[in-house]
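Hi,

Could you have a look before you set anything up on it?

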Amino acid sequence: QVQLVESGGDSVQTGGSLRLSCEASEYTYTYTCMAWFHQAPGKEREVVAAMNPGTPALYYADFVENRFTISQDNDDHTLSLQMDFLKPDDTAMYYCAARAGTFCYPDNWDDAGLYKWWGQGTQVTVSS
């Protein structure tokens, strides 16, 4: 059974940095598309970034504004999200998601309904 376990969430001040990790039970190459989503209280879940493991194809939401970097770690079991210059608006629960069979493409990478596996989330809180 596929499992995704997030870690790295914390409370930081505006301008700070965090590195989120998603440890997968399978090699990340098993998945055709992996992503980070976040959900703030009272708001819908939205995509933050996505990638096709093993390829240079990366996707970022507009609000990221070059502050975050999604990557696949060398252990081939971990998806990371380096977050710099954090803002209070980044406060949310962050979820790792993955799917197999459908690659991330510009017209589908942000569709939460296409991701089959989800982690339990890790909380990020940014104070002003």
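**What I found**

Asp-76 sits in the loop between E7 and E8 (strands, E, of at least two residues, and helices, H or I, of at least four, are DSSP runs numbered from the N terminus). Its phi is positive, about 65 degrees, although Asp-76 is not a glycine. With a relative accessible area of 22%, Asp-76 is partly exposed; buried means under 20%, exposed over 50% and partly exposed in between, with a 1.4 Å probe and protein chains only.

Before the rest, two housekeeping points. This is a predicted model, where local features need pLDDT of at least 70 and side-chain atom pairs count only at pLDDT 80 or more, while totals for chains, interfaces and linings use all residues. Residues are numbered from 1 along each chain as its sequence is written, and side-chain values use heavy atoms, with hydrogens and water left out.

Thr-28 belongs to the loop between strand E3 (18–24) and E4, and counts as buried because its relative accessibility is 0%. Its side chain makes a polar contact with the side chain of Gln-72 at 2.5 Å. For that term, take a pair of N or O atoms within 3.5 Å; within protein, one must be able to donate a hydrogen and the other to accept it, and residues adjacent in sequence count only if both atoms are side-chain atoms.

Another positive phi in a residue other than glycine is at Asn-66, near 65 degrees. Asn-66 is in the loop between strand E6 (58–60) and strand E7 (68–72), and is exposed, with a relative accessible area of 79%.

**Strand E4 and its partners**

Six of the seven residues of E4 (residues 33–39) are buried, so this strand is largely enclosed by the rest of the structure. Which strands does E4 pair with? One is E9 (residues 92–99), antiparallel to E4 and joined to it by seven bridges; another is E5 (residues 46–51), also antiparallel, over five bridges. Two strands pair if DSSP finds at least two bridges between them. Ala-35 has bridge partners on both: Ala-97 in E9 and Ala-50 in E5. E4 and E5 form a hairpin with six residues between them, and Gly-42 in the turn has a positive phi of about 80 degrees.

Elsewhere, E1 (residues 4–7) is joined to E3 by four bridges, running antiparallel, with Val-5 opposite Glu-23. E1 has Leu-4 and Glu-6 on its covered face, and Val-5 and Ser-7 on the uncovered one.

**The largest pocket**

The largest pocket has a volume of about 250 Å³. On a 1 Å grid over the protein atoms alone, a pocket is an open set of points where a 1.4 Å probe fits, with protein on both sides within 12 Å along at least five of seven lines, and lining residues have an atom within 4 Å of a point. Points are joined across faces, edges and corners, and the volume is the space filled by probe spheres set on them.

Which residues lie nearest the pocket's centre? Of the 14 lining residues, they are His-38, Lys-43, Glu-46, Asp-89 and Asp-90. The lining divides into eight charged, four nonpolar and two polar residues.

Asp-90, in the loop between strand E8 (78–83) and E9, counts as buried because its relative accessibility is 2%. Its side chain reaches the backbone nitrogen of Lys-87 at 2.7 Å. Not counting residues up to four places away in sequence, Asp-90 touches His-38, Arg-67, Phe-68, Phe-85, Val-124 and Val-126.

Leu-86 is in the loop between E8 and E9 and is buried at 1% relative accessibility. Leu-86 and Leu-18 are 68 residues apart in sequence, with 8.2 Å between their C-alpha atoms. Beyond four places in sequence, the residues that Leu-86 touches include Leu-18, Arg-67, Phe-68 and Val-126.

Cheers

Notes
Nonpolar A, V, L, I, M, F, W, Y, C, P; charged D, E, K, R; others polar. Contact = heavy atoms within 4.5 Å.
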